[in-house]
Structure formats: structure tokens, C-alpha cells
Amino acid sequence: MEENNLQCSSVVDGNFEEVPRETAIQFKPPLYRQRYQFVKNLVDQHEPKKVADLGCGDTSLLRLLKVNPCIELLVGVDINEDKLRWRGDSLAPFMGDFLKPRDLNLTIILYHGSVVERDSRLLGFDLITCIELIEHLDSGDLARFPEVVFGYLSPSMIVISTPNSEFNPLFPSVTLRDSDHKFEWTRMEFQTWALYVANRYDYSVEFTGVGEPPAGAENVGYCTQIGIFQKNRGKATEACVSEQHDQHVYKARQGLTMLPRLVLIFHPQAVLLPHLPKMLRLQVFTTSYPSLQQERFFKLVLVNEVSQQVESLRVSHLPRRKEQDGERGDEPKDIGGSKAPVPCFGPVFTEVEKAKIENSPKPFCVGDKFFVPLQRLLAYPRLNRLCANEEMMRSVIADSIPLSSDGSAVVTDLYNYFDEQFEF
């Protein structure tokens, strides 16, 4: 039995070393990736803000989902404390996340606990996923599972995947696919259970799956069967939420996160770094990602974007300035006669965007000073997306970038040391 389970596990996970190649069914991509990609596609379609993965295991699905811009809270729950301990840091932000912050805040939390325990911190979620979970539950836990997940937590959408036992005869010498599986259902058994649960807790359910059967065996269905449950709208939810609202039974996983480490790198008081390990050991595992909703990161991104755009305009003007008269009086010289410059490796603008740029106030020179009106900067799509108006831009960048006396334009030197080096 153990050998059979090992063989099947190898097939399903995409590792075929234990199974003769002439009998192995090779899924491309591997079946576990197909399951995770199915969930990701669903998230792309429905754009949930709060997502929880019950039985998150090694957090592979969480790592895939954390890049979705719509998600603001991502939670994983698992009974295996060791997996949470060793996988938690892989969910923390990296340097690139600080250099290019998300639009929206993102918090990721890992909880240690059973999926059949009620914890009010998982109330109000848009999506809860249970990928290859229910087959690991004994009969008592399986009976409690719908009451907790559908009745108490009652999220807008639930995705449940489980093995399709009708597919098992296609594997070599397989009874159950994993030694920890308590059962594996046929399609009829899973659909009967799912329809009963959906009807009892006021959900609708659709069935699909991943892992196509080989040619000639289409009658067995998908290797993994999936139920997509959606809460019916327009009806009051009869759940005992008020009675259990403050019940916290999950244990927050203690562990290291990368966020404090990266923040301290930018902190001027570098003397804090020697004390970093002690500080981190005391923290509950909650990782927060930098975003444009946070003032310090919004300012960092805006100042950087403005500086880059002003420098691009300045450099594009230099060849034209070289062709003008050597006299540089104090009268402003309009340099906007040409079309909006597009750097060789810069963004490509649509015709509408080009027209908006060309119709905005043009950069100009006074002596050796180069002026770029804020209204001109706001005409560029990336800056327009960041800032709603001129006043907002001025208030954010005023203490970081030189402005004209009336605050209507960014001011910089027309020439600098590097221009001579590159012979502009």
C-alpha cells in the first residue's frame, strides 16, 4: 500500500522517478500547478479583496496569489505547524516590492489551527479555497466542515477540489493517492455531497476540474474534481456570527518577516541593525507589503517618476539648444516646437495620450535653468495615474524637488557634468 501511494503521489505531483515511464500519466503542467492556476484564474475574474486558503500547506498557492493586485488580505490556515514555520518567510516582500510598490495595501497572515474550528478573524472573506483538503478529514471533521466554512464563515465564494476516484484505475497499482487520505470520492459522491451542502447553506455550485484524461478514457472525467460555490444574493444569512464574533482559536505563527529588515535598511539610524534578530523573534507572522496607499511609499514613487520625466525632457532638449544662438538672455525660450519626445526605450503613447501631452504647457528655459510646468508632467499617463491634480503633486514633491517661485513648474539646471561626458 505504501509503495502504491508513493507511485501515485509521484504521478500526480509531476515527479515520475518512481513510476515506469510506459505506464505513467504525465500532466503538463503538473497537476498541482493546474489546480493553483485554476484558482488564480478565478481570482483574476472575480477580483476578491480578502482571500483565505484553508489547508495552505507549504503556502505555494498563497505565493501565487499574492501578486494579484486586487487582493488586500491573504490568509493561510494549516494544522501543520512545521510547514508554516519554514515557509512563512517566502511570503514576505522582497526589495523589488519596495522599489515598485503595489497600488493597494496587502497583508498576509498565517494561522496555525484546524479548519473545523471557528475563528472570527476569517469572517467576511470574499473567497475561501480548500484545495485537496477534505479528503484528509476524518468522518467527524468532515461532518463539522460545512457548518464551519459554509455556515459560520459564509464567504461569498468557496472553491473545493478533491481527487476523482474514477480516475485512479489509470494509475499503476493505486487504491488511494496518498496514505493520509481518509477517502476519495467518485464524481457522483462529490456532487451529491456538494449539492446537499449548497442547498443547506444557501449556495449555488458548479462543477468542473483539471487534469484531462488520456485519449480513450474520457468517460472517467478530470483527475481532480472541483466545486465552485457562490453565496446566493438577496437572502439574509442565518449564521450565529454575533454569538461567535470575537472567538479567536487560531494560533498566529511566530516567525521572521522580511519587511522590518528592509525598512531598517532605509532608516538613517543604522545602529538598530545589530539588534534586529532579537526584534524579529518577538514578532507575530504578519507581513505587510508597501503600497501607494502608504504616504511614504507614494511620495517615494511620485518623486522618482517626476525626476525621471524631467530628466528625460531636459536631455531631449539639449541637441536643439545646441543649435540655437549662443546668446542666452533672461527671456524665456519655448522649446516645445517639436512633438512630444519618446525615448528610445521609453513608454509608447497612444494618439490620445500624445495629443494631451502636446496640448499641455511646454517646458522652457530662462538662462541656464530648465522649467517643466506641473501641468505638463500631469499630461504623462504614469504621473496622471499617480496624481489627481497639480495641487496634489505640488504638495507631495515640494520639499524634495526644486520648484519655481510660484510653484507651477519644476526647476533644474539645463546642463550638468554628465552632459559633457556624453557630448550632448
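Biologist: Which element gives the largest share of the lining of the second largest pocket?
Modeller: Helix 11, with five residues. Bear in mind that this is a predicted model.

Biologist: What is the volume of that second largest pocket?
Modeller: About 600 Å³. The lining has 21 residues, and the closest to the pocket centre are Leu99, Lys100, Pro101, Arg102 and Arg385.

Biologist: Which elements give two or more residues to the lining?
Modeller: Helix 5 (95-99), helix 11 (295-323) and helix 14 (381-386).

Biologist: And which domains does the lining draw at least three residues from?
Modeller: Domain 1 (31-231) and domain 2 (295-317 + 348-423) each supply at least three.

Biologist: How many of the lining residues are charged?
Modeller: Eight are charged, 11 are nonpolar and two are polar.

Biologist: Switching to confidence. What pLDDT does the protein average?
Modeller: The average is 81, and 74% of the residues score at least 70.

Biologist: Where is the pLDDT below 50?
Modeller: Residues 253-284 are one such stretch, with 46 contacts in the model beyond near neighbours in sequence. Residues 14-22 also stay under 50, and there the model has 17 contacts beyond four places in sequence.

Biologist: Now the whole protein. How many helices and strands?
Modeller: There are 16 helices and 13 strands.

Biologist: What percentage of the residues is buried?
Modeller: Of the 424 residues, 47% are buried. As for contacts between residues at least 6 apart in sequence, 73% join residues at least 24 apart.

Key: Residues are numbered from 1 along each chain as its sequence is written. This is a predicted model: local features need pLDDT of at least 70, side-chain atom pairs count only at pLDDT 80 or more; totals for chains, interfaces and linings use all residues. Side-chain values use heavy atoms; hydrogens and water are left out. On a 1 Å grid over the protein atoms alone, a cavity is a set of points where a 1.4 Å probe fits but cannot get out, and a pocket is an open set with protein on both sides within 12 Å along at least five of seven lines; lining residues have an atom within 4 Å of a point. Grid points are joined across faces, edges and corners, and a volume is the space filled by probe spheres set on the points. Helices (H or I, at least four residues) and strands (E, at least two) are DSSP runs, numbered from the N terminus. Ala, Val, Leu, Ile, Met, Phe, Trp, Tyr, Cys and Pro count as nonpolar, Asp, Glu, Lys and Arg as charged, and the others, Gly among them, as polar. Domain bounds come from an automatic or database domain assignment. pLDDT is the predictor's confidence in each residue, from 0 to 100. Contact means heavy atoms within 4.5 Å. Buried means under 20% relative accessible area, exposed over 50%, partly exposed in between (1.4 Å probe, protein chains only).
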